[in-house]
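Reader: Hi! I'm new to this, could you walk me through a structure?
Author: Happy to, here it is.

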Amino acid sequence: MVFYFSGTGNSQLAAKQIAAELSDEMVSINHCLKKGEKKTFRSERPLVFVAPIYAWRIPKVVAQWICATRFEGNQNAYFVLTRGGGTQGNAAAYAAKLCAETGLIYQGLASVQMPENYIALSAAPSESECASIIARAKPVFSKLASQIGQGKPFPKIPVSLVGRFISGPFNPLYYRLYIKDKGFTVSDACVSCGKCAKRCPLNNIDMAEGRPVWKGNCTHCMACICGCPTEAIEYKSISKGKRRYDIMKE
Ligand SMILES: Cc1cc2nc3c(=O)[nH]c(=O)nc-3n(C[C@H](O)[C@H](O)[C@H](O)COP(=O)(O)O)c2cc1C
Ligand code: SF4
Ligand code: SF4
């Protein structure tokens with residue numbers, strides 16, 4: 001069973017391809033989080049978790065969701081993370097730790113470069129660069145699907161001291177200092193379509209008098225700012241003039 005979390009569609013695309021190649025079911029963690037139900041899943045096939053890398057680890061919301069969910073049947077867990085222009089750091093160690101805590105059998109973590117979506121911090125590549133990055137990623141997803149299909153664990157990747165630091169003590173510090181929704185603003189370009197509120201996986205946006213209001217529980221997934229059809233949302237002045245990146249399919 002292939003589970004995915006995605007803000008702007010990279011991990012959704014990866015999950016779709018892997019699920020299709022494994023002829024397996026796909027479950028949206030975004031939808032599960034939005035509904036807020038505690039669920040039990042049963043699968044005789046390996047569990048594949050697909051998500052973006054956030055601050056050199058699996059997103060905190062995904063780790064929390066895995067902890068709160070029951071998985072029956074096959075307990076082998078693979079992690080496929082999409083990353084932007086950065087690295088995976090020591091993300092694998094934290095995925096292995098999560099498995100040890102939840103009773104899942106860790107089968108490895110692989111990260112694959114996809115277009116950078118973090119426009120509240122850096123910039124997304126041009127349209128043509130995005131197309132080449134995605135074209136390079138697709139055969140890698142195929143290779144990973146084939147390894148999962150054959151029941152082979154993903155190979156271990158050596159981690160530098162810097163990698164240990166950024167995934168280790170720096171990750172919680174980064175969440176505390178930077179992952180906040182206070183920087184979001186909305187301009188008069190807003191047409192009150194409600195897409196931002198509908199897309200937010202954490203239900204962190206209410207519509208008040210036709211405008212989005214952020215409620216303080218944000219994971220910086222970029223779904224609201226990148227999905228807005230009129231580019232009415234900005235993050236401080238950092239996102240101004242930047243290309244929005246969004247390939248998410250509903
Ligand atoms: C909050 C946040 C943190 C991120 N941290 C990293 C990172 O540590 N390393 C990296 O290479 N990319 C990082 N990125 C880029 C995304 O992981 C990458 O663009 C991913 O493919 C987006 O997937 P999605 O479209 O499924 O949301 C980050 C993006 C966001 C929004
Ligand atoms: S998605 Fe954009 S246009 Fe639609 S309600 Fe949100 S801010 Fe307004
Ligand atoms: S408020 Fe925007 S960035 Fe924050 S979790 Fe919701 S959709 Fe993602």
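Author: Let's start with a term: buried means under 20% relative accessible area, exposed means over 50%, and partly exposed lies in between (1.4 Å probe, protein chains only). This is a predicted model, where local features need pLDDT of at least 70 and side-chain atom pairs count only at pLDDT 80 or more, while totals for chains, interfaces and linings use all residues. Residues are numbered from 1 along each chain as its sequence is written, chains are lettered from A and ligands numbered from 1 in the order in which they are written, and side-chain values use heavy atoms, with hydrogens and water left out.

Reader: Okay! Is Gln17 buried or exposed?
Author: Gln17 counts as buried, because its relative accessibility is 15%. Gln17 belongs to helix H1, residues 10–22; helices here are DSSP runs of H or I with at least four residues, strands are runs of E with at least two, and both are numbered from the N terminus.

Reader: What is Gln17 in contact with?
Author: Setting aside neighbours within four places in sequence, Gln17 contacts Lys138, Phe141 and Ser142. Contact means heavy atoms within 4.5 Å.

Reader: And where is Val159?
Author: Val159 lies in the loop between helix H5 (127–149) and helix H6 (161–167). With 25% relative accessibility, Val159 counts as partly exposed. Not counting residues up to four places away in sequence, Val159 touches Gly89, Asn90 and Arg164.

Reader: Switching topic: how many helices and strands does the protein have?
Author: There are nine helices and 11 strands. Buried residues make up 52% of the 250 residues.

Reader: What does the C-alpha trace span?
Author: About 55 × 35 × 35 Å along its principal axes.
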